[in-house]
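Okay, thanks everyone, I'll keep this short. Let me put the model up and then walk through the packing.

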Amino acid sequence: MWEQATRLRVLPRFAARRIAGALLVFGLIGVPPGAPRAQEVYLAANPIIVTADRGGYLGKRSDQIDRMRSIGQRVELRGTCLSACTMYLSLPNVCVAPDAVLGFHGPSKNGIPLPQRDFDYWSQVMARNYSEPLRSWFMTKARFITNGYYKVSGAELIRMGYPQC
């Protein structure tokens, strides 16, 4: 669904991007060192709309979020966002729909508890993606559930200061 909506929204810009891409490929225009790649420019100009994200591996998601932050990627949390997906909240260009549902729980390996040192480390990785008071709540309560989720509505996050979509 998102891909279709995005494709429809960007079709009018398709020709301009193709021409600019051809000019780059054939060396008719140069790219300054450190300039973002064409794909990064495209992504930053088109928001990622999250409607159903079950999370994933914390390390991979953390790396992904770092890349997204570097290009100014906009993310709209509009549906279900669970586990590692909640780390999108750290992005400067994130917004939350009031009817979104975010699910928080502590780090584990597929539901199996981690050794204490790893649990504390990955809890900190997750927590640094949240602003107060969400960060404190996560560290004192939510991280201690590793099977299931604490659900927080988008409306509650908006009341905590996260921007509304």
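**Rings and core**

Let's start with Y130: this tyrosine is buried, at 1% relative accessible area, where buried means under 20%, exposed over 50% and partly exposed in between, with a 1.4 Å probe and protein chains only. Quick caveats: this is a predicted model, so local features need pLDDT of at least 70, side-chain atom pairs count only at pLDDT 80 or more, and totals for chains, interfaces and linings use all residues. Numbering runs from 1 along each chain as its sequence is written, and side-chain values use heavy atoms, with hydrogens and water left out.

So, how many aromatic pairs does the structure hold? There are 6, counting Phe, Tyr and Trp rings (for Trp, the six-membered one) with centres within 6.5 Å; planes under 30 degrees apart are stacked, over 60 edge-to-face, the rest tilted. F104 and W137 pair edge-to-face, 5.5 Å centre to centre and 85° between the planes. F104 sits in strand β4 and W137 in helix α6, so that pair ties together parts 33 residues apart in sequence; those are DSSP runs, helices being H or I of at least four residues and strands E of at least two, numbered from the N terminus. Y130 and F138 are also edge-to-face, at 5.4 Å and 70°. F138 is buried, at 0%. Ring pairs link F104, Y130, W137, F138 and Y150 into a cluster.
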